[in-house]
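Subject: Structure for your study

Dear colleague,

Please find below the sequence and structure that I am handing over to you. A short account of what was found follows after them.

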Amino acid sequence: MEKALKFELLHKDSRTKARRGRITTKHGVIETPVFMPVGTQATVKAMKPEDVANTGAQIILGNTYHLYLKPGHDIVKEAGGLHKFMNWNQSILTDSGGFQVFSLGKFRKITEEGVMFKSYIDGSKHMMRPEDSIEIQTALGSDIIMAFDECVPYPADYRYTKDSLYRTTRWLERCIKAHHNTENQSLFGIMQGGMYKDLRKLSAEQIVEFDLPGYAIGGLSVGEPKDIMVEVLDDCVDHLPEHKPRYLMGVGTPDYLFEAVERGVDMFDCVLPTRLARHGVAMTSHGDISIKNSRFQRDYTALDPECDCYTCRNYSRAYLRHLFKSDEILSSMLLSEHNIHFLVNTMAKMRQAIEEDRFLEYKREFYSKYGGKCEL
């Protein structure tokens with residue numbers, strides 16, 4: 001039987017844990033390390049699918065929680081699945097809905113059975129169990145589906161984090177039992193354990209026993225200081241199998257991408273590029289810039305002289321500023337396309353650098369120009 005997902009480890013950087021790989025699904029090839037734009041409600045905000053593809057994106061992410069509430073996974077299934085519904089012909093990963101449910105705070109209640117929560121749309125009550133998450137994702141028809149897990153907040157005490165970890169493992173077992181569409185969809189397990197290294201190791205040992213197609217690192221980049229996040233991440237990766245893809249959930253700033261790739265992570269997703277775009281911020285090779293800055297009023301140069309995206313080839317900073325100040329939708333469209341292209345292209349350069357055993361040189365080269373501060 002042909003597997004729904006194949007992962008090839010093509011090259012390892014000679015001086016770091018960075019690795020160059022390739023994932024193949026029923027909908028195409030994904031070169032790793034890879035950044036996945038987020039299409040929360042079956043759309044990457046302010047972008048047409050063909051424009052997302054033109055950025056070089058090879059896979060996008062959809063959100064189980066949001067699509068369950070609106071329009072409903074039954075409607076997506078009737079439409080022929082998420083690929084057909086949103087006219088995206090490449091790979092799709094769906095998250096389990098866990099993070100969104102747990103972020104509801106007082107509007108949800110966790111039990112062993114699952115999570116009872118109130119809809120953000122109309123306040124109606126819903127129960128999400130591991131089996132429900134798998135059922136929804138099966139209906140959506142994504143290529144990679146995620147196990148239903150509990151994402152503990154930061155900070156969280158040791159006892160709570162440990163209890164949550166064991167619950168996540170028990171829920172994973174239920175997800176596996178509920179997952180029957182194995183020929184077309186690949187289920188990833190999620191490592192939890194908060195900021196406690198021994199719990200991270202314990203979580204990894206438990207989920208790796210199930211021999212799944214891939215594994216994610218959850219519960220990082222949830223408000224903890226960067227130095228703690230990087231230290232914990234460094235330890236996390238060592239406990240995951242080398243021959244399976246590793247996915248760090250919810251990370252998309254260049255500094256975190258570089259640190260995680262250097263430590264052997266293969267997959268990333270984040271809403272950041274489109275969110276920044278809606279606020280008039282562009283990610284460029286010389287750092288983030290706010291296009292609403294008055295000094296761009298008569299700046300007729302490209303947004304980023306080192307970028308070859310559609311926006312940079314055709315429009316000036318002055319025009320983009322005019323669009324933003326005029327509340328024109330085209331502002332979000334053009335800046336979103338640029339920002340996603342910027343991250344996708346940065347990942348492509350990382351892949352090349354890994355192949356040539358010069359990842360650290362590329363990292364230094366990138367930061368010598370990028371810096372990291374937003375120019376407001």
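Helices in this account are DSSP runs of H or I with at least four residues, and they are numbered from the N terminus. Please note that the model is a predicted one.

Is His73 buried or exposed? Its relative accessible area is 17%, and because a residue counts as buried when this value is under 20%, His73 is buried. Leaving aside neighbours within four places in sequence, His73 is in contact with Leu67, Tyr68, Glu135, Ile136, Ala139 and Leu140.

I turn next to a sheet. Strands of a sheet pair through backbone hydrogen bonds, either parallel or antiparallel. Here, three strands form an open sheet in the order β1-β2-β3, and their pairing is antiparallel. At its edges are β1 (6-12) and β3 (28-32), each of which pairs on one side only. From one strand to the next, the twist averages 15°. Strand β2, made up of residues 19-25, is joined to β3 by five bridges, and Ile23 stands opposite Ile30 in β3. Helix α14 (residues 329-355) packs on this sheet and touches β1, β2 and β3. The direction of α14 makes about 120° with that of β2.

In soluble globular proteins, nonpolar side chains tend to be buried together. The largest nonpolar core has 75 residues, and the ones that touch the most other members are Leu233, Leu248 and Phe268. Which helix gives the most to this core? It is α14, with eight residues. Not counting residues up to four places away in sequence, Phe268 touches a list of residues that includes Pro33, Phe35, Leu248, Val261 and Met347. There is also a second, separate core of 18 residues, with Ile23, Met36, Ile144 and Tyr247 among them.

Finally, there is the matter of pockets. The largest pocket has a volume of about 850 Å³. Its lining consists of 37 residues, and those nearest its centre are Phe99, Gln100, Gly250, Asp269 and Val271. At least two residues of the lining come from each of β5 (59-63), α5 (98-102), β14 (267-270) and α11 (272-278). What gives the most to the lining of the largest pocket? Helix α11 does, with four residues.

Yours sincerely,

A colleague

Definitions and conventions:
Residues are numbered from 1 along each chain as its sequence is written. This is a predicted model: local features need pLDDT of at least 70, side-chain atom pairs count only at pLDDT 80 or more; totals for chains, interfaces and linings use all residues. Side-chain values use heavy atoms; hydrogens and water are left out. Two strands pair if DSSP finds at least two bridges between them. Axes are lines fitted to C-alpha atoms, for helices over the stretch in contact, and angles run from 0 to 180 degrees between N-to-C directions. Contact means heavy atoms within 4.5 Å. A nonpolar core is a set of buried Ala, Val, Leu, Ile, Met, Phe, Trp, Tyr and Cys residues joined through side-chain atoms within 4.5 Å. Buried means under 20% relative accessible area, exposed over 50%, partly exposed in between (1.4 Å probe, protein chains only). On a 1 Å grid over the protein atoms alone, a cavity is a set of points where a 1.4 Å probe fits but cannot get out, and a pocket is an open set with protein on both sides within 12 Å along at least five of seven lines; lining residues have an atom within 4 Å of a point. Grid points are joined across faces, edges and corners, and a volume is the space filled by probe spheres set on the points.
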